[in-house]
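Thank you for making time this morning.

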Amino acid sequence: MAITASEIKQLIQAALPDAILQIDDLAGDGDHYAVHVTSARFASKSRIQQHQMVYDALGGRVGEQLHALSIRTSLPHIAPTPLSLIESES
């Protein structure tokens with residue numbers, strides 16, 4: 001039984017409420033996905049720990065309903081303070 005991108009999104013966002021997700025169905029069969037998960041909860045976690053958090057959110061569906069999953073994780077981008085603002089404060 002395949003899983004939908006919507007179901008994947010719901011599961012991950014239930015575990016990581018701040019997550020920003022990009023989900024691609026790689027084969028169009030609902031069985032092979034790539035996900036890019038951005039979350040502040042990944043701060044201070046190793047890449048392995050970040051991926052484990054995503055696997056945990058899917059609750060054992062990888063290998064069952066979901067045959068293959070490629071995971072990329074990242075922290076939210078925080079725009080640096082423009083140099084002009086720093087100089088004007090000094």
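Predicted model: local features only at pLDDT ≥ 70, side-chain atom pairs only at ≥ 80, totals over all residues.

Residues are numbered from 1 along each chain as its sequence is written, and side-chain values use heavy atoms, with hydrogens and water left out.

The protein chain holds three helices and three strands, where helices (H or I, at least four residues) and strands (E, at least two) are DSSP runs numbered from the N terminus. Of its 90 residues, 24% count as buried, and buried here means under 20% relative accessible area, exposed means over 50%, and partly exposed lies in between, using a 1.4 Å probe and protein chains only.

Let us turn to the sheet. The three strands form an open sheet in the order S1-S2-S3, with mixed pairing; two strands pair if DSSP finds at least two bridges between them. Strand S1 (20-25) and strand S3 (68-74) are at the edges with a single partner strand each, so one side of each has no neighbour in the sheet. From one strand to the next, the twist averages 15 degrees. S2 and S3 run in the parallel sense, paired over seven bridges.

Which residue of S3 is the bridge partner of Thr-38? The partner is Ser-74, and the side chains of Thr-38 and Ser-74 also make a polar contact at 3.1 Å, that is, a pair of N or O atoms within 3.5 Å, where, within protein, one must be able to donate a hydrogen and the other to accept it, and residues adjacent in sequence count only if both atoms are side-chain atoms. Thr-38 itself lies in strand S2 (residues 32-38) and is buried, with a relative accessible area of 12%. Leaving aside residues up to four places away in sequence, Thr-38 touches Asp-18, Ala-19, Ile-20, Ser-74, Leu-75 and Pro-76, a contact being heavy atoms within 4.5 Å.

Helix H1 (residues 5-15) lies across S1 and S2 and runs at about 150 degrees to S1, with axes being lines fitted to C-alpha atoms, for helices over the stretch in contact, and angles running from 0 to 180 degrees between N-to-C directions. Helix H2 (residues 47-57) packs on the sheet, touching S2 and S3, and its direction makes about 125 degrees with that of S3.

The largest nonpolar core has 15 residues, and those with the most contacts inside it are Ile-8, Ile-12, Val-37, Leu-66 and Leu-69; such a core is a set of buried Ala, Val, Leu, Ile, Met, Phe, Trp, Tyr and Cys residues joined through side-chain atoms within 4.5 Å. H1, S2, H2 and S3 are the elements that give two or more residues to this core, and S2 gives the most, with three residues.

Finally, in H2, the residues Gln-50, Val-54 and Ala-57 are buried. What covers the buried residues of H2 includes H1, S2 and S3, whereas the face of H2 turned away from its buried side carries the exposed residues Ile-48 and Asp-56. Just after H2, Gly-59 takes a positive phi of about 55 degrees.
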